[in-house]
Amino acid sequence: VAWRSAEASEASIACSLREAGAAAEASAAEVARRVVAQEALAEQAHRHAMICSAELQELRRASLLREEHLERRLAEELRQRCIAESIGSSSARSGSTGGGCLAAPSA
């Protein structure tokens, strides 16, 4: 009777070990799945960051181009005003018309 009890206990332990092993494998598989999912999210975040960085760089470049264009336009307006004032003062022989060539351009 004692040996049957020992066999039953041994069988129960073996069954428990198999169940624990299956649970460990399932847990390991779940961990592996989560790791793969996290890696995919990290890759997606990296791609998104690279896209945002490129877009930001493009916006900065466009802003610089607009700034350069505005500077050229203001310089041309100032040049035209100086020419007009020079012509006006030469014709009238009355000196500067007020603003002068060194006056700041109106924005």
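This report describes the helix, the surface, the salt bridges and the cysteines of one predicted protein model.

Residues are numbered from 1 along each chain as its sequence is written. Because the model is predicted, local features need pLDDT of at least 70 and side-chain atom pairs count only at pLDDT 80 or more, while totals for chains, interfaces and linings use all residues; side-chain values use heavy atoms, with hydrogens and water left out.

**Overall build**

Helix 1 covers residues 2-92.

The chain has 107 residues, and 3% of them count as buried. Here buried means under 20% relative accessible area, exposed means over 50%, and partly exposed lies in between, with a 1.4 Å probe and protein chains only. The accessible surface of the chain is about 9,000 Å², and carbon and sulfur atoms account for 62% of that surface. Such areas come from the Shrake-Rupley method with a 1.4 Å probe; for residues, only the protein chains shown count as cover.

**Salt bridges**

How many salt bridges does the structure hold? The number is six. A salt bridge is a side-chain nitrogen of Lys or Arg within 4 Å of a carboxyl oxygen of Asp or Glu.

| Pair | N to O distance |
|---|---|
| R33 and E30 | 2.7 Å |
| R34 and E30 | 2.9 Å |
| R47 and E43 | 3.7 Å |

The residues E30, R33 and R34 are linked in a network of salt bridges. Their places along the helix can be stated in turns. R33 and E30 are three residues apart in helix 1, so about one helical turn separates them. E30 and R34 lie four residues apart in helix 1, which is also about one turn.

The side chains of R34 and E30 are also joined by a polar contact of 2.9 Å. A polar contact is a pair of N or O atoms within 3.5 Å; within protein, one must be able to donate a hydrogen and the other to accept it, and residues adjacent in sequence count only if both atoms are side-chain atoms.

Is R34 buried or exposed? R34 is exposed, at 51% relative accessible area. R33 is partly exposed at 47%, and E30 is partly exposed at 29%.

The pair R47 and E43 also lies in helix 1, with the two residues four apart, about one turn of the helix. R47 is partly exposed at 45% relative accessibility, and E43 is partly exposed at 41%.

**Cysteines**

A disulfide is a covalent bond between the sulfur atoms of two cysteines. In this model, a disulfide is counted where a pair of cysteine sulfur atoms lies within 2.5 Å. By this rule the structure has zero disulfides. C15 is partly exposed, with 32% relative accessibility, whereas C82 is buried, with a relative accessible area of 15%.
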